[in-house]
Amino acid sequence: MAPTVMATSVAFPQAAPVAVFKLTADFREDQNPSKVNLGVGAYRTDEGQPWVLPVVRKVEKMIADDHSLNHEYLPILGLPEFRSSSSKIALGEDSPAIKDTRVGAVQCLGGTGALKIGAEFLRRWYNGTDNTKTPVYVSAPTWENHNAVFSNAGFEDIRPYKYWDAGKRGLDLEGFLGDLESAPDHSIFVLHACAHNPTGTDPTQDQWKQIADVMKQKSLFAFFDSAYQGFASGNLDKDAWAVRYFVSQGFELFCAQSFSKNFGLYNERVGNLTVVAKDQDNLNRVLSQMEKIVRITWSNPPSQGARLVAITLNTPELFAEWKDNVKTMADRVLLMRAQLKEKLKALGTPGTWEHITEQIGMFSFTGLNPKQVEYLVKEKHIYLMASGRINMCGLTTKNIDYVAESINEAVTTVQ
Amino acid sequence: CYLYDEVSSLAPVNDLMHGHCCSLYNNILQQKNEYVGEHGHTTWLPPVRKIKQQISTDPTLTPKYPHILGIPEFTRRATQLALGKDSPAIVESRVFGIQTVGCTGAVRLGAELLRSFVAHVFISLSFLEDSLAGTFKAAGIEDVQYYRYWDAESNGVCVENMVLDLENAPEQCVVVLFAPGHRPTGAELSQEDWKRVAEVMKRQLFAFFLMSAQGLCSGSLEQDAWPVRHCVSLGLELLCAQSFSHNFGLYGERVGHLLCVLKQNLLAVQSQAEKLVQTLWSCPPMEGARVVATVLSNPAHLADCVKAIAERCMLIRERLRERLRLLGGPWQWDHIIKPGGLYCCFGLNTQQVDYLVQKKHIYLLPNGCLNVSAINSRNLDYVAESIHQALSSKL
């Protein structure tokens, strides 16, 4: 009788479902016609539909009709023209670091994959050859998967750094700087390049300068997570300011880029880990070690999405069209922010709502407490995260009145 | 300060195994991992291009995050392909599948799933500087041991040694088994051999099959899957990593599948798999899996194509054997045509392999293993003569 090796239930407890996916599942099952999904992090049009960027459709067809493409494995580090053009997007065409040939990249499976490879490298090589005890700091709050990625890469000490000030509904700069000061030297800090997830609250340029100062003094490692470039302000360069500032200050850093949101390529897993090293020799060593790590994770990355992005970024007319498409998405979000704030103010909703337009990107931390959130979900069929985070893309001209009224109700009737 | 002081310089990774552009021209034979056609290039299965064009113009396909475990239609069909539609495991709902990033992704994910209760992994002894051991170690299964597989004397598998080694395996051990298509030797076990191996596996060993080229070895999808199906019929729990790179020509798309056959606790294992996937790649890429799922809706398509590929490989083997036989010498060549599929082993020594690389510009895999698809009517004579010279010369 064959043994039940795997089914030993001791080894396999049921994992708790991920909150955001559960939210979407509940939303789907809800039969109420007024239901609104302000949960999951993907772009929606004013019709509430996902949007294939026109430039993407164009390039997809080009690729499908191109008989000259070879179908072989990509190199382990990915499609070269994708890697270089993606890094240029993050650092700027004229980046001094690129001119100094000390910038390289690894094509990865989405932003997650880029974080993964970066984390695995740092655990092995960052500061000595065993960094399992090196502290990794993630913002409080942060994207819920950050913790899991670093933890699974072997880091045992993952800590929060102060970020969101619930009282003033903004950045807790003092707390942030304080945590930077008290962090052990050489700690790793995961920074959101722009459009902080989930709060939508970014440091100002001045505040970034202060942050960079402390990080330099204490030799803290900057690991940027850049999932919303272009999507936040509508302008690629503006959204990349923080990363570029750090580079100009001489930091060696990683930047995990995702093209899921700004290309709408959620399903092709297009990511890039940009590496800025001290010099070319170091860069080459880093990349050769990352190659080893990639080989034992997924061997080599998928070609479809990377090809699409590379063609778009490297063809002037297509690049211009893409920037336009990105601005379309960003503009719609800005419009919804402005309208939501106005409606809440017009209804006389208690509290301040400036943060709705001060925050940036896909998400907003409304400041609603868990009871108010529960009220919205249960009574009004408006689905949002227990943290009070809403996805602005879930708002449309058709449902914004209902949402504003419901928030007003929740705030006035539920304490 | 130099942040990565400790990073040691590395010789470049042996890219012969993770092939770059296939350039097959003049007298240079460059060995790679992919199946190449008579023209020297990789090709898609015939229906693939049309399907890709349909996908690119399909207005109903919307951009959104895929399910963490992949397209349900893909995993369902990949599972059926491996186990057969009427497999008891499927009928009894004891199986689930996960779409992964290629075969490597499937192995990595499987290893991560196993690490909480498995302490050792057994891999076939191979001459290849392979990443297989590294993948298990990275997943947290540190102790890698090897069982004997290729036997230079018989130019095939010595199943006696293999079974002996398995019988002496430690408890809590996962054993990596190669459904037909062993890399790099191509050497296979017979069905009788498999039955013996399966008996040993029953005693507390956990089977992790690698099935990277289903259909390409014997020409029959069912026959190549026989070892896996046999173990399932015995009631064994197992994992199986499948690749759709070779049999679809979809190398660049990274279409893989991890099949999990269990006795119970399916949902718990599935939920843990979801957690792990999120730390690796969040969710898998869609394009390739969509294509595969579409083709598999009518498996006869695939069956015909893999048969054609397998037949071509066999034809090349036969021609190669014939050339070598005609060139004379004391050597036996029957072992070239015994296994099917992409790989073939000549058992050359290091000097002979070096000679072929340096003097004849023929790049073989270590120990003189060869991807036979790279041989075609233009280079067959040259390859045969060169091998003959390598063996005859005093090296």
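This is a predicted model: local features need pLDDT of at least 70, side-chain atom pairs count only at pLDDT 80 or more; totals for chains, interfaces and linings use all residues.
Started with A:Glu120, which sits in helix H5 of chain A, residues 110-125.

A:Glu120 has a relative accessible area of 1%, so I list it as buried.

Then I went through its partners. Within chain A, the side chain of A:Glu120 makes a polar contact of 2.6 Å with the side chain of A:Arg124. Leaving out residues up to four places away in sequence, I find A:Glu120 touching A:Asn152, A:Ala153, A:Ile293 and, from the other chain, B:Arg108.

What does B:Arg108 form with A:Glu120? I get a salt bridge, with the closest N and O atoms 3.6 Å apart. I checked the whole interface of chain B and chain A for others, and the count there is 1 salt bridge. Polar contacts across this interface come to 23 residue pairs, both residues at pLDDT 80 or more.

H11(B) gives the largest share, 10 residues. By type, I have this side of chain B as 38 nonpolar, 31 polar and 21 charged residues.

Last, the extent of the contact. Chain B puts in 90 residues and chain A 77. I have the area buried between the two chains at about 7400 Å², with carbon and sulfur atoms giving 57% of it.

Terms used:
Residues are numbered from 1 along each chain as its sequence is written. Chains are lettered from A and ligands numbered from 1 in the order in which they are written. Side-chain values use heavy atoms; hydrogens and water are left out. Helices (H or I, at least four residues) and strands (E, at least two) are DSSP runs, numbered from the N terminus. Buried means under 20% relative accessible area, exposed over 50%, partly exposed in between (1.4 Å probe, protein chains only). A polar contact is a pair of N or O atoms within 3.5 Å; within protein, one must be able to donate a hydrogen and the other to accept it, and residues adjacent in sequence count only if both atoms are side-chain atoms. Contact means heavy atoms within 4.5 Å. Buried area is the accessible area (1.4 Å probe) that two parts lose on being put together, summed over both. A salt bridge is a side-chain nitrogen of Lys or Arg within 4 Å of a carboxyl oxygen of Asp or Glu. Ala, Val, Leu, Ile, Met, Phe, Trp, Tyr, Cys and Pro count as nonpolar, Asp, Glu, Lys and Arg as charged, and the others, Gly among them, as polar.
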